[in-house]
Amino acid sequence: QVQLAESGGGSVQTGGSLTLSCTASDDYYNSISTFCMAWFRQAPGKVRWGVATITANGDSIQYADSVKGRFTISRDNAKKMVVLQMNDLKAEDSGMYYCAAKWAACVGLAPSAYNNWGQGTRVTVSS
């Protein structure tokens, strides 16, 4: 398994930008370069849902419809890091953002598919 730690959350006004980072701690038998990585969001009282995924080598990316054109996910396996660049933020983007990982192929945005999770970082967007 891998250990994940998010950073970069904070408060921003509507239309602003934030960059979230996820740093992974892996080992020889569980290299982060073999894991699908994803970002999830959970608002208070709401279910956790997928924002974006990126394959192990970064060649395929999936976004939730509500963030397409505004969010960009990227990864740097050498630095063991995944980044979520969020632009044109809206109030509905507020919540806890979690980094997640699953070994091998990405299988969509369902939280149940991921078995490695960070502690989350909070994003608050206000008008």
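**Rings and a charge around Trp 117**

Guide: Arg 48 lies over the face of Trp 117, at 4.8 Å from the ring centre. This is a predicted model, where local features need pLDDT of at least 70, side-chain atom pairs count only at pLDDT 80 or more, and totals for chains, interfaces and linings use all residues. Residues are numbered from 1 along each chain as its sequence is written, and side-chain values use heavy atoms, with hydrogens and water left out.

Visitor: How many aromatic pairs does a search of the whole structure find?

Guide: Rings of Phe, Tyr and Trp (its six-membered ring) pair if their centres lie within 6.5 Å; planes under 30 degrees apart count as stacked, over 60 as edge-to-face and the rest as tilted. The search finds three. One of them is the tilted pair of Phe 40 and Trp 117, 4.9 Å centre to centre with 55° between the planes. Tyr 98 and Trp 117 form an edge-to-face pair, at 6.4 Å and 80°. Ring pairs join Phe 40, Tyr 98, Tyr 114 and Trp 117 into a cluster.

Visitor: Is Trp 117 buried, partly exposed or exposed?

Guide: Buried means under 20% relative accessible area, exposed over 50%, partly exposed in between (1.4 Å probe, protein chains only). Trp 117 is partly exposed at 26%. Phe 40 is buried at 0%, and Tyr 98 is buried at 12%.

Methods
A charge sits over a ring if NZ of Lys or CZ of Arg is within 6 Å of the ring centre and within 35 degrees of the ring normal.
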